[in-house]
Amino acid sequence: MNENIIFILEGMKLTINLYIITMLFSLPLGIIFSLGRVSKSSLLNNSIQIYTWIFRGTPLLLQLFFVYYGLPVFGVTLSPFTAASITFIVNYTAYFCEIFRGSILGIDQGQYEAAKVLGMNYYQTMKRIILPQALVTALSPLSNEAITLIKDTSLVSAIGMAEILRNSKEIVTRDFSITPFIICAILYLLLSTVVVIFFKKMEKKVMI
């Protein structure tokens with residue numbers, strides 16, 4: 001039993017690593033892309049809109065298959081972890097972009113006018129006035145996506161990566177016991193709980 005738990009926990013390392021890498025890259029990229037979505041450049045706006053339309057409108061699993069199995073056709077071969085990281089970052093950047101865009105558009109127009117009166121340019125207005133407020137209003141939808149990301153990491157088992165679910169399934173197949181699935185569910189719940197607690201603390205901190 002102990003060996004089974006250790007085996008499942010080994011898969012948890014991969015899950016956590018993929019989660020951290022995805023969040024570290026997709027969050028700042030989402031902010032940058034959202035600024036492009038609200039910019040006055042129609043070319044930039046439309047380009048990012050097409051990008052978000054594609055990656056929000058197609059299954060993450062299909063995107064993962066394309067990167068891992070499809071890119072080798074064009075001479076680009078990636079390791080499973082690299083393929084998964086790129087896919088998740090690109091996918092979640094699209095979602096975060098739209099979340100931040102909605103938050104930015106939700107800021108009252110008076111804030112822009114006040115910044116203009118103070119002599120701030122567009123960059124200063126975004127950095128000092130708009131983005132700080134947008135980040136606060138974006139916390140709730142961001143927490144939902146952060147929890148979804150934990151569950152989505154299970155998709156990497158489709159390209160042979162030994163994460164929590166795949167390792168649990170191997171034990172179930174071998175031992176004909178559903179206990180590993182129960183352990184797997186508990187681990188996912190624990191990870192989700194940690195994320196929920198983190199975002200709740202963030203919300204309390206910014207509300208002070």
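**View 1. Helix H8 and the nonpolar patch.** Helix H8 (residues 179-207) gives the most to the nonpolar patch, with 4 residues. Helices here are DSSP runs of H or I with at least four residues, numbered from the N terminus. The model is predicted, so local features need pLDDT of at least 70 and side-chain atom pairs count only at pLDDT 80 or more, while totals for chains, interfaces and linings use all residues. Residues are numbered from 1 along each chain as its sequence is written, and side-chain values use heavy atoms, leaving out hydrogens and water. On the surface, the patch is formed by Leu165, Ile178, Phe181, Ile182, Ile186 and Leu190, which together have about 540 Å² of accessible area. A patch takes residues with over 30% relative accessible area and no salt bridge, joining nonpolar side chains (Val, Leu, Ile, Met, Phe, Trp, Tyr) within 5 Å and like charges within 9 Å. Look for Ile186 in helix H8: Ile186 is partly exposed because its relative accessibility is 45% (buried is under 20%, exposed over 50%, partly exposed in between, with a 1.4 Å probe and protein chains only).

View 2. The whole structure holds 8 aromatic pairs (ring centres of Phe, Tyr or Trp, taking the six-membered ring of Trp, within 6.5 Å; planes under 30 degrees apart are stacked, over 60 edge-to-face, the rest tilted). Phe33 and Tyr51 make an edge-to-face pair, because their ring centres are 5.4 Å apart and their planes lie at 65 degrees. This pair links distant parts of the chain, with Phe33 in helix H1 (residues 2-37) and Tyr51 in helix H2 (residues 42-57), 18 residues apart. Phe33 is partly exposed at 26% relative accessibility, whereas Tyr51 is buried at 16%.

**View 3. Aromatic rings in helix H4.** Tyr92 and Tyr95 form a tilted pair, 6.2 Å centre to centre with 45 degrees between the planes. Both lie in helix H4 (residues 80-105), 3 residues apart, or about one turn of the helix. Which of them is buried? With 1% relative accessibility, that is Tyr92, while Tyr95 is partly exposed at 25%. Together with Phe88 and Phe96, these two tyrosines form one aromatic cluster.

**View 4. The largest pocket.** About 440 Å³ of space lies in this pocket. Of its 20 lining residues, Tyr19, Met23, Leu27, Phe198 and Phe199 are the closest to the centre. A pocket is an open set of points on a 1 Å grid over the protein atoms alone, where a 1.4 Å probe fits, with protein on both sides within 12 Å along at least five of seven lines; lining residues have an atom within 4 Å of a point. H8 gives the most to this lining, with 7 residues.

Key:
Areas by Shrake-Rupley, 256 points an atom, 1.4 Å probe, with all protein chains shown as cover. Salt bridge = Lys/Arg side-chain N within 4 Å of Asp/Glu carboxyl O. Helix = DSSP H or I, 4+ residues; strand = E, 2+ residues; numbered from the N terminus. Points joined across faces, edges and corners; volume = space filled by probe spheres on them.
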